[in-house]
Amino acid sequence: MQVASTAPPDPPLGAPLEGRAALRWVGRLARALAAPALIVVLWQLAVSAGYLPPRLMPSPAKVAATAYDFILGNPNSPAAYAFSGSFFKHAWASLVRVLTGFLIAVGAGVPLGLAFGVSRTLERFVDPVLQVVRPIPITAWLPLSIMWFGLGQRATVFMIFLGAFFPILINTTVGVKVVDRRLIEAAQMLGTRPRQLFYRVLLPASLPSILAGLRIGLGFAWVCLVVGEMTGVGTGLGSAIADARELFRVDLIMVGMLLIGLIGYLSDRVVVHAFRRTVRWSPNLFR
Amino acid sequence: MATLKVEVRNLSKVFLEPVSGTRTEALRGVSLTLGANEIVCLLGPSGCGKSTVLRVVAGFEGPTAGTVLVDGRPVTGPGPDRGVVFQEQALFPWLSIYQNIVYGPKIRGVQREEYDRLARQYIEIVGLRGFESHYPHELSGGMKQRVAIARVLINSPAVLLMDEPFGSLDAQTRTAMQEWLLDLCQASPWTILFITHDVDEAIFLADRLYVMTARPGRIKMERVIRLPRPRPLDVLTTPEFMELKREVLESIRSEAPALAAPATVEPGAR
């Protein structure tokens, strides 16, 4: 929802509506890019003036060149090496792992959360175990998951699942529990039978909270991906970062980090967009 | 009053706090009746249990003692024959206005053409044509309450249970809604149990009113309101209205706990 006070002044009367919308969009983009642009300029100035050691802090121009080479490849590059043009291979491997772990977490977390929200008995039996398991840091799971699943793909997916599972479970449980009792009573007095109540009221009412859980879970999925991939898988953005460190390529480390951030952001937008129509009624929906 | 739509006999209600074990006696021996097409207001100081009476009739709470009959049958739980209009808005926020209104017939398996016809009719009656595809959060308070009324009327309930339905509206909207409700009942009569703490509202709307005591709630007074119908708003300034209001106010005031008079602060004492 557009906040009126931050909207730019209207263009002259008579401007076509699409024109106005486009202008507003350009304005928003400009404001979003202002701070990063300033940082890049200061960074470049600091490197050029010799305040920062280029080996630890390469210039933005160097990072940009590396990004171009990493993504698109450059056969004429004198430093043609294993990373040139390998972005899509790594990104695809990472994306598949994140999606696999995340979807398993959704498949387990949402139904279990809904069941917890409805049945206190079930929650009392299972929840204590989960609450003790939940605070164990993801890095502490690393040795065990390597023992169980071996080094690589499956251990990484397992850790992504763990990281995404708990936020999804907890937000879904809370979402069902805090459904306004008046909505349930309203449904009852309108003729809703007990077994219709779940699909008619509890599920739709808890959708905004479930969406919040999915977004937090997806964020954790990317964290766990990098932790898993840095332990020695051949492909993936996390492994590219780890390899770049071995080669002392700070520029490539930065490119890898920025690209993970960018893909993480885009994946969040996809989730939000997929839910936008179903939860647009919710006043506290963060977009 | 040919037939009794609702009969509450000797209703008592005690709430037990499960953790602390505290007993709260909310109602003691409440008896009241609603005749067909009658508007009955239940008036009382806050916390007197008037909403509890409505919640027992609605079937949200069971009685501790006593019986509640609707159309001669005992109440066993909530159902579409008793439409409830809550004070706070309780529309389904994820459904459009149209979907909110057709919710009842739809869930009971009424055919699409039939509930669509009913929906058009009730959207017209509550004056919300053009807002069918809006969502509740896009509507004003008064409009939301008209949707809340339409979604229960479409179920053709035996009785409408209204729990301070205009209590959270601003004064102008509240008066407009009261007049609108009377017009609605003038056009096609409904049996209404109306809970309020507003004396003007109760006398203006009611065919008959009950005043309750402070907790534990009992019926203290019953009055038939013989003001003519249709009842224009200026009935509020007639001597008959004033006389009724004085009588009811006195009855209620004797129930409200007296507040201590504010202490005088010496100038400069702060």
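Predicted model: local features only at pLDDT ≥ 70, side-chain atom pairs only at ≥ 80, totals over all residues.
Local features need pLDDT of at least 70 and side-chain atom pairs 80 or more, while totals for chains, interfaces and linings use all residues. Residues are numbered from 1 along each chain as its sequence is written, with chains lettered from A and ligands numbered from 1 in written order.

Student: How far apart do the domain centres of chain A lie?
Tutor: Chain A is divided into domain 1 (4-52) and domain 2 (87-279). These bounds come from an automatic or database domain assignment. Their C-alpha centres lie apart by 33 Å.

Student: Which residues of strand 3 of chain B are buried on each side?
Tutor: Strands here are DSSP E runs of at least two residues, numbered from the N terminus, and helices are H or I runs of at least four. Buried means 20 or more other C-beta atoms within 10 Å of the residue's own, with C-beta atoms placed from the backbone; 12 or fewer is exposed, and in between is partly exposed. In strand 3 (residues 39-43), five of five residues are buried. One side has B:I39, B:C41 and B:L43; the other has B:V40 and B:L42.

Student: In strand 9 of chain B, which residue stands opposite B:L42?
Tutor: Pairing needs at least two DSSP bridges. Strands 3 and 9 (residues 208-212) of chain B pair in the parallel sense over four bridges. Opposite B:L42 stands B:Y210.

Student: Which elements give two or more residues to the side of chain B that touches chain A?
Tutor: Contact means C-beta atoms, placed from the backbone, within 7 Å. The contact takes 14 residues from chain A and 22 residues from chain B. The elements on the chain B side are strand 6 (82-85) and helix 2 (97-107).

Note on methods:
Contact = placed C-beta atoms within 7 Å.
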